[in-house]
Amino acid sequence: MSFVSFQFIIFLAGLILLYYVLPKKVQWMLLLVGSIAFYTYSGPKYLIFMGITILTTYGATVWIESIWGRQDAWVKEHKGITREEKKAYKAGMTRRAKGVLVLCLLVNLGILGVIKYTDFILENLNGMFGTEFTPRNFILPLGISFYMFQSLGYVIDVYRRKYPAERNPLKAALFTSFFPQVIQGPISRFDDLSKGLFAQHSFNAREFYYGLLRVVWGFFKKLVIADRLAPVIASLTGDTDKYPGVYVIATIFFYAWQLYADFTGGIDITIGVARMLGIPVAENFERPYFSKNIAEYWRRWHITMGTWFKDYIFYPISVSGWMLKISKKSREKLGPALGKRIPVYLSTIIVWFATGVWHGAAWNFIVWGMLNCLVLLVSQELNPLYKKFHERFGFSNTAFWNGVQIVRTFWLMGMIRILDVYRDVPLTFRMVGSAFTTSNWGALSDGSFLKLGATAADLIVAGIGVILIFIVSCLAERKAIDQRMDTKPVILHFLLLLVLILVVVVFGAYGIGYDATQFIYNQF
């Protein structure tokens, strides 16, 4: 069930009505039933995979917590033991807890690996060794990467004793299956989401209004901008021999806004729906196209994914025993200056490789991850030179230089991201190269761009939509939109919502049967 479908609107209206009419103590139960119904709509068979994740993570967290409970009780009962005895006992219990954690991770990541990466592995084996393994063509369950990573983060947090395990299996199931975010995130943490998810909520007109406004804003991004640009991207990448040079530059620009409008539009709907229900959900974007460098960009783009990889992969690897040994050897062999960098380099490379693989079972995603890693590491190493350069010429904090950095970062990230569009590594590099070697700028004025599946009116509407996003982002960069709106008359609130709804209805681009295209990130 797509967020931008009539079925979803009817489903959401009915659920919200029941949510505020039924007794507050059953609100979370209604959300669980609604979440299961929502996910079942995409295919009942996919519930099996989600069910396995729910059962294994619930069992693992309860088991791990019982191990820590027995440890605490034993230590309390044996106050007279030596420090070495206490340490030995704790080490044994830690091994047990870690064993449960590893088993849970293996089961869930094993399922994800088999479904998502089997064909990729078989295709590469066939290419390398001439074998003839038959692709399995597994269908990827909707949102499996998102809900699985969210659930595994919960298990790891319980193992780290960040908070106790949820003893109610139905509440644990709701955390995994909560319908607004199950498809494309954000990837929430249990201690953050559970506070609102299981609380009792009275109707709050202010929160409901801003939630509804956020939902309609998400519809605007998706239907007025992203879906209007989708046919253009499909044409530009459908026959690449016809569209080198300036068309590649246009592809980078159009896809940057299509992806941003599509992904942030979906997240806006997620956060808006949750807010209408009184449940806070983490922000996933903070105006990333205002970033001055790639490090800042990744602090603003897909925030919950970045923090997940940082907290559960980068930091554990950085302080692991084998990494500490590598660090020690590196300092001895290469000296302190270079030696201390090796663990950071290795951890960063592993994280970005995992990030690329998470996005998709294809070499273009792996290369995408490695290019991001390369630019980040090179920028980090050159940072002292940047500082000296700025100190020498003294224009680093000017509005002009900030604008240059923002434009530079936008196009740099766009060129790396284009691997997601062409989906072929050699082809992508050839096409990007043609942008610098093929001179066909006349296509911008001879009407060629009006033969790409979009009329002049389509491009104008999408362009105005992008400008509106830019204006709203500039306003939000200084002060949150809801804080700005709180001081305005009620009639202005009503008119803003009404106008936005009319714009979506009138200018929205719809697919066959008046059903919008799927969100790009649904495939992950």
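Is Arg-300 buried or exposed, and what is its relative accessible area? Arg-300 is buried, at a relative accessible area of 13%; buried stands for under 20% relative accessible area, exposed for over 50%, and partly exposed for what lies in between (1.4 Å probe, protein chains only).

**Overview. Confidence of the predicted model.** The model is predicted, with local features requiring pLDDT of at least 70 and side-chain atom pairs counting only at pLDDT 80 or more, while totals for chains, interfaces and linings use all residues. Residues are numbered from 1 along each chain as its sequence is written, and side-chain values use heavy atoms, without hydrogens and water. The mean pLDDT of the protein is 93, and 97% of the residues score at least 70; pLDDT is the predictor's confidence in each residue, from 0 to 100. Among the elements, α6 has the highest mean pLDDT (98) and helix α13 (residues 336–339) the lowest (84). Helices (H or I, at least four residues) and strands (E, at least two) are DSSP runs, numbered from the N terminus.

**View 1. Helix α2 and its cover.** Helix α2 (residues 27–40) consists of 14 residues and spans 20 Å from its first C-alpha to its last, close to the 20 Å expected at 1.5 Å a residue. The expected span is 1.5 Å times one less than the number of residues. Its buried residues include Trp-28, Leu-31, Phe-38 and Tyr-39. The elements covering the buried residues of α2 include α1 (6–21), α3 (47–77), α5 (144–159), α6 (169–177) and α7 (190–197).

View 2. Asp-458 forms a salt bridge with Arg-228, with 2.5 Å between the closest N and O atoms. This pair links distant parts of the chain, 230 residues apart: Asp-458 belongs to helix α19 (residues 456–478) and Arg-228 to helix α8 (residues 205–238). Arg-228 is buried, with a relative accessible area of 10%. A salt bridge also joins the side chains of Arg-300 and Glu-477 (3.0 Å, N to O). Arg-300 lies in helix α10 (residues 294–300) and Glu-477 in helix α19, so this pair ties together parts that are 177 residues apart in sequence. Glu-477 is partly exposed, at 34% relative accessible area. A salt bridge here is a side-chain nitrogen of Lys or Arg within 4 Å of a carboxyl oxygen of Asp or Glu, and the whole structure has 20 of them.

View 3. Asp-420 is part of helix α17 (residues 419–422) and counts as buried at 12% relative accessibility. Apart from neighbours within four places in sequence, Asp-420 is in contact (heavy atoms within 4.5 Å) with Tyr-255, Asn-364 and Phe-365. Asp-420 also forms a salt bridge with Arg-423, the closest N and O atoms lying 3.1 Å apart. Arg-423 counts as partly exposed, at 40% relative accessibility.

**View 4. Nonpolar surface patch.** Ile-491, Leu-492, Phe-494, Leu-495, Leu-498 and Leu-502 make a nonpolar surface patch of about 550 Å². Patches are made of residues with over 30% relative accessible area and no salt bridge; like charges are joined within 9 Å, nonpolar side chains (Val, Leu, Ile, Met, Phe, Trp, Tyr) within 5 Å. Ile-491 is placed in helix α21 (residues 490–507) and is exposed, with a relative accessible area of 54%.

Technical notes: Accessible areas come from the Shrake-Rupley method with a 1.4 Å probe; for residues, only the protein chains shown count as cover.
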